[in-house]
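Please report on the local features of the model shown here. Take the strand residues, the metal site, the pocket and the backbone in turn.

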Amino acid sequence: MNVCRFQDQDGAVRIGLMNDDSTLLDLTPAGITGLHALLESDDPCGQLNQIASPGLPRLALSQVRLCAPVERQEVWAAGVTYLRSKRARMEESGFSATAYDRVYAAERPELFFKALAEKVVTTGEAVGIRRDARWSVPEPELALVLNSRGRIVGHTIGNDMSSRDLEGENLLYLPQAKVYERSCALGPWLNLGAAESAARAWTIRLAIRRQGQCVFTGQTSVGQIKRGFEELAGFLFRCQRFPHGALLLTGTGIVPPEGFTLQAQDVVEIEISGIGRLQNPVVVV
Ligand code: DO4
Ligand code: MG
């Protein structure tokens, strides 16, 4: 089941459920006015099955503006969870290359804070590349949607935009390489109810277009992630609380070749087979 946040023609933000015919059911009259309450339910899919009725307002997607699926949840990210990512980081780094080798094999994963809602964009909105970076890439990633109890209640599409020259120069620059204006894209759909075993069969695809031409394509399988989803969620919720829930990007397995950097007006398109598509133009920030 796919749900989203959307803005209606009066500017109010509402929660929608995707119908089979690609229209949206507005869940507001059924009492679902925010994502958080739905995700806190013991059985969000069961609840949606009970309330989704033909009597709810039905909207064409062209009538609404899709919003990022983040309210007060913190957005975190795991790193170096795919062999491809480990190799790419080791190549870009000088004196800190072994840190990546070690974290890939270590019991404790790399987890870093990525964004609050203010820095998150969704499909159709621009992602940012830093004006002081020379090497900027998208990182297409599956994101886990976690409620306040640390339970994985859904999945969405994420883009962990990164400045590879900054993180390669010195690991201590990682927060600057990862966190800046428009550095995170999510959504627009939250897929609810898929088990980890089903999600591991999904394919992640990336296409980057420049002036209408495709300048990079790549793909990977979610099944290539080295760590279990519960393992990642368990480390995130260790010794800290998330009263509003959290989203956790699970790392990238697609890395454009050395020498490739994003430019303003490129378009980044990420597809995850079980969820949908996230598409963003690029701007310099
Ligand atoms: O350690 C650097 C970041 C790694 C990352 O973001 C990834 O592997 O996706
Ligand atoms: Mg990443």
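T23 lies in strand β3, residues 23–26. Helices (H or I, at least four residues) and strands (E, at least two) are DSSP runs, numbered from the N terminus. This is a predicted model, in which local features need pLDDT of at least 70, side-chain atom pairs count only at pLDDT 80 or more, and totals for chains, interfaces and linings use all residues. Residues are numbered from 1 along each chain as its sequence is written, chains are lettered from A and ligands numbered from 1 in the order in which they are written, and side-chain values use heavy atoms, with hydrogens and water left out.

**Strand β3**

T23 is buried, at 15% relative accessible area. Buried means under 20% relative accessible area, exposed over 50%, and partly exposed in between (1.4 Å probe, protein chains only). The side chains of T23 and D21 are joined by a polar contact of 2.6 Å. A polar contact is a pair of N or O atoms within 3.5 Å; within protein, one must be able to donate a hydrogen and the other to accept it, and residues adjacent in sequence count only if both atoms are side-chain atoms. Leaving aside neighbours within four places in sequence, T23 is in contact (heavy atoms within 4.5 Å) with L17, M18, R58 and L59.

L25 is also placed in strand β3. L25 is buried, with a relative accessible area of 4%. Not counting residues up to four places away in sequence, L25 touches I15, G16, L17, N19, A52, S53, L56, P57 and R58. The C-alpha atoms of L25 and L59 are 6.4 Å apart in space, while the two residues are 34 residues apart in sequence.

**The magnesium site**

Which residues are the protein donors of the magnesium ion (ligand 2)? They are E139 (OE), E141 (OE) and D160 (OD), lying 2.1 Å from the ion. Donors are N, O and S atoms within 2.8 Å of the metal (3.2 Å for Na, K and Ca); water is not among the atoms, so sites may look incomplete. The donor spacing in sequence is E-x1-E-x18-D. E139 lies in the loop between β10 (136–137) and β11 (140–146) and D160 in strand β12 (residues 152–160), so the pair ties together parts that are 21 residues apart in sequence. Both E139 and D160 are buried.

**The largest pocket**

The largest pocket is lined by 15 residues. R151, I152, V153, G193 and A194 lie nearest its centre. Elements giving two or more residues to the lining are α2 (44–51), β12 and α8 (229–236). The largest share, 4 residues, comes from β12.

**Backbone features**

The peptide bond from G187 to P188 is cis, with omega near 0°. P188 is found in the loop between β14 (184–186) and β15 (190–192).

Key: 1 Å grid on protein atoms, 1.4 Å probe; cavity = no way out; pocket = protein on both sides within 12 Å on 5 of 7 lines; lining within 4 Å.
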